[in-house]
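Hello,

Here is the structure I said I would pass on. Please look through it first; my notes follow below.

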Amino acid sequence: AGISTVVSQCSPQEFQGWFYIGAIVCFALAALILLWLFCIRERIAFTAMILKSVSTVLIQLPELILIQFGASLLSVGYAIIWFFAYMEVVSRTNGMAWYYVAILNIVMLFLFFWHQLVFMNISLVTTCGAVGGWYFSPQETTSRGCFMCRPAVCTPLLRACSLSLGSIALGSLLVAVVRTIIVIVRFCAESAGNTNEIVKIAFCCCICMLSCLERIIKWLTDYAFVYVAIYGTPFITSGMKVVELLLSSGVGAIAQQSLITPVINLACLLGLCAGGALGYLAESVCDLGPVYLGITIGGA
C-alpha cells in the first residue's frame, strides 16, 4: 500500500487515481487481517504449543520423517509404473469407439489419483497414530525399542497397512473421484475453447466450485484420518465424529487451521531455500554438473 502511494506521486496524472484506489484496498485488507488476528489472539499461543509438541515428536521419532519420505518415493515409483501402463493402454485403443477410449482414460486417471492418495494417507495415519501415542504416554513411547523398530512407529504403520487400510482407501476414494471430475471438466473447457464466452464462464464456475469441494473433502478426510489413527474407528464413524466436532466448535477448527497452514507453508519455503543453497554449495565444491541441477536436486 505504501509503495502504491509513493509510486502514485511519480506516475502520470491519469493513473494516480488507480494507484490511490489500490492503496485504499490494500489498507482495508490489512485492517481485516489485523481484525481477524485480534479475534483469534487467544488461539495463537495454543497453536504455538501444538507446533512445538509436533516438533518434539518428530525429533524424538525421526522414523516418521523417513516414512513420509518413503511414501513419497512410492508415489513417484507408482507414477512411473502408471505412465508405462497408460501408454500400453493407449496403444491398445486403436480402432476402438471414442466412448471406450474416454472410459479407459477416466479409469486410468482415477486409479492414478486414488493410489497416490492411499500412499500419502498411510503415512498420515501412521504419523497421527504415533503422535497420539506420544500424547497419552510420552515416556513409554520414546523409550521402547531401537531406531525403526520402536512400537510407537511400527504399530501405527502396521495398523495403517492392515486394519485401517479400508478406511484409508475409502477416504482417498472420495478425494480421487472429485479430482477426476475436475480434470474431466477442465478437458471439456479446453475442448470448448472456440465456443461463446458464456460457456467458458460456466466451465470456469464449475471448476471453481469443484476445487472448493475438493479442498473441503480433503480437509474433512484428514480430520477423519486422525480419528482412524488414534481411536481405530472406521472411516464413516470417524467422519461422523468430525461433523460433530465442526458443529460444536467449527469456527475454532477453521481458525486453528488458518494459523497452522501459513507456518507449515513458510517452513516448506525455508526448507526449499536451504536445500537449494546446500545443493549450490555441493555443486560448487565438487563440480558435479550444472549449477541449476544442484539447486534443483537440493530444493527437491
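Leu-32 lies in helix 2, residues 13-39 (helices, H or I, at least four residues, and strands, E, at least two, are DSSP runs numbered from the N terminus). Leu-32 is exposed, with a relative accessible area of 54% (exposed means over 50%, buried under 20%, partly exposed in between, with a 1.4 Å probe and protein chains only).

The model is predicted: local features need pLDDT of at least 70 and side-chain atom pairs count only at pLDDT 80 or more, while totals for chains, interfaces and linings use all residues. Residues are numbered from 1 along each chain as its sequence is written, and side-chain values use heavy atoms, leaving out hydrogens and water.

The protein chain has 11 helices and zero strands. Of its 300 residues, 27% count as buried.

Ser-172 lies in helix 8, residues 165-191. Ser-172 is buried, at a relative accessible area of 1%. Leaving aside residues up to four places away in sequence, Ser-172 touches Trp-114, Leu-117, Val-118, Asn-121 and Phe-225 (contact means heavy atoms within 4.5 Å).

Across the protein chain, 66% of the contacts between residues at least 6 apart in sequence join residues at least 24 apart.

Regards
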